[in-house]
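Here's a walk through one model, for anyone who likes to keep the viewer open while reading. Have a look at the chain below, and then we'll go through it piece by piece.

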Amino acid sequence: MTSSELSEIFGEAGSVADVEIVYDRVTGRSRGFGFVKMGSVDEAKEAIRIFDGSQVGGRTVKVNFPEVPRGGEREVMGPRIQRGYRSFLDSPYKIYAGNLSWGVTSHSLRAAFASQPGLLSAKVIHERDTGRSRGFGFISFESAETLEAALNAMNGAELDGRPLRLNMAADRAPRTPSPETESTEDSLESSELFSSITA
């Protein structure tokens, strides 16, 4: 499967901005996965709807947003995900959101709170070694009042099939990160325009 072939196939779902198949550095062979950047989030969702579980190039493929990168996916997505995390707007007024399903992304967590006044940002936290969601995240607000209103309105609301468990986030004591631990715990978030393909 070449990049141009994959681009042509995914063109059925909308405009394809970029295709990247990941190859083994030593052998030069495809590692069986890649990334398709669609023109919009809606087109990426349509690509997932059309192609997830379908036959592409004689194999059944898994197509999803790469919020949970594994193996080589993490190598490729790591820098992109770190850029996304730097866009999180922190504030003293944060909600801790627990009981998140593994499918909840930072984007969908923010979208769930979009109707709440004073919303600043949202992020899902990932394991530093595997890149998997840790099942919780944070939502930041402009003020104590907007935080409390969102807490009252959204606690227990269903997101991706599970009820949100919300609390005010406790501030942790500031720490001086060592070079090894800096930007690791919270270093993963995905660009929502990418679809991950794994066969």
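Asn 99 has a relative accessibility of 14%, so this residue counts as buried; buried here means under 20% relative accessible area, exposed means over 50%, and partly exposed is in between, with a 1.4 Å probe and protein chains only. Its place is in the loop between strand 6 (93-98) and helix 4 (106-112). Helices (H or I, at least four residues) and strands (E, at least two) are DSSP runs, numbered from the N terminus. Asn 99 isn't a glycine, yet its phi is positive, about 65°. Asp 160, in the loop between strand 9 (158-159) and strand 10 (162-163), also isn't a glycine and has a positive phi, near 55°.

A word on the ground rules: this is a predicted model, where local features need pLDDT of at least 70, side-chain atom pairs count only at pLDDT 80 or more, and totals for chains, interfaces and linings use all residues. Residues are numbered from 1 along each chain as its sequence is written, and side-chain values use heavy atoms, with hydrogens and water left out.

Now for the sheet. What is the strand order in the open sheet of 4 strands? The order is 7-8-6-11, with antiparallel pairing; two strands pair if DSSP finds at least two bridges between them. Strand 7 (119-126) and strand 11 (165-168) are the edge strands, each pairing on one side only. From one strand to the next, the twist averages 25°, where axes are lines fitted to C-alpha atoms (for helices over the stretch in contact) and angles run from 0 to 180 degrees between N-to-C directions.

Strand 7 and strand 8 run antiparallel and are joined by 6 bridges, with Leu 119 standing opposite Phe 141 in strand 8. Strand 7 is also mostly covered, as 7 of its 8 residues are buried. Strand 6 and strand 8 pair over 5 bridges, again in the antiparallel sense. Lys 94 has Ser 140 in strand 8 as its bridge partner. As a reminder for reading any sheet, side chains in a regular strand alternate between the two faces.

Next, the aromatics. The structure holds 6 aromatic pairs; rings of Phe, Tyr and Trp (its six-membered ring) pair if their centres lie within 6.5 Å, and planes under 30 degrees apart count as stacked, over 60 as edge-to-face and the rest as tilted. One of the pairs is Tyr 96 with Phe 138: the ring centres are 6.0 Å apart and the planes are at 70°, so the pair is edge-to-face. Because Tyr 96 lies in strand 6 and Phe 138 in strand 8 (residues 133-141), this pair ties together parts that are 42 residues apart in sequence. Tyr 96 is partly exposed, with a relative accessible area of 30%, whereas Phe 138 is buried at 18%. Phe 138 also meets Phe 136: these ring centres are 6.0 Å apart and the planes are at 90°, so this pair is edge-to-face. Phe 136 counts as buried at 15% relative accessibility.

On to helix 5 (residues 144-154). Its buried residues are Thr 146, Leu 147, Ala 150, Leu 151 and Met 154. They cover an arc of only 140° around the axis, so they sit on the same side of helix 5; the arc is that of the directions from the helix axis to the C-beta atoms. What do the buried residues of helix 5 pack against? They pack against strand 6, helix 4, strand 8 and strand 11, with contact meaning heavy atoms within 4.5 Å. The face turned away from the buried side carries the exposed residues Glu 145, Glu 148 and Asn 152. Just after helix 5, Gly 156 takes a positive phi of about 90°.

Thr 146 deserves a stop of its own. Its relative accessibility is 16%, so Thr 146 counts as buried. Its side chain reaches the backbone oxygen of Ser 143 at 3.0 Å. Leaving aside residues up to four places away in sequence, Thr 146 touches Pro 117, Gly 118 and Phe 141.

Finally, helix 2 (residues 41-51) has Ala 44, Ala 47, Ile 48 and Phe 51 buried. Those residues cover an arc of only 100° around the axis, so they are on the same side of helix 2. Asp 42 and Arg 49 are exposed on the face turned away from the buried side. Helix 2 is followed by Gly 53, whose phi is positive, near 85°.

Definitions and conventions. A polar contact is a pair of N or O atoms within 3.5 Å; within protein, one must be able to donate a hydrogen and the other to accept it, and residues adjacent in sequence count only if both atoms are side-chain atoms.
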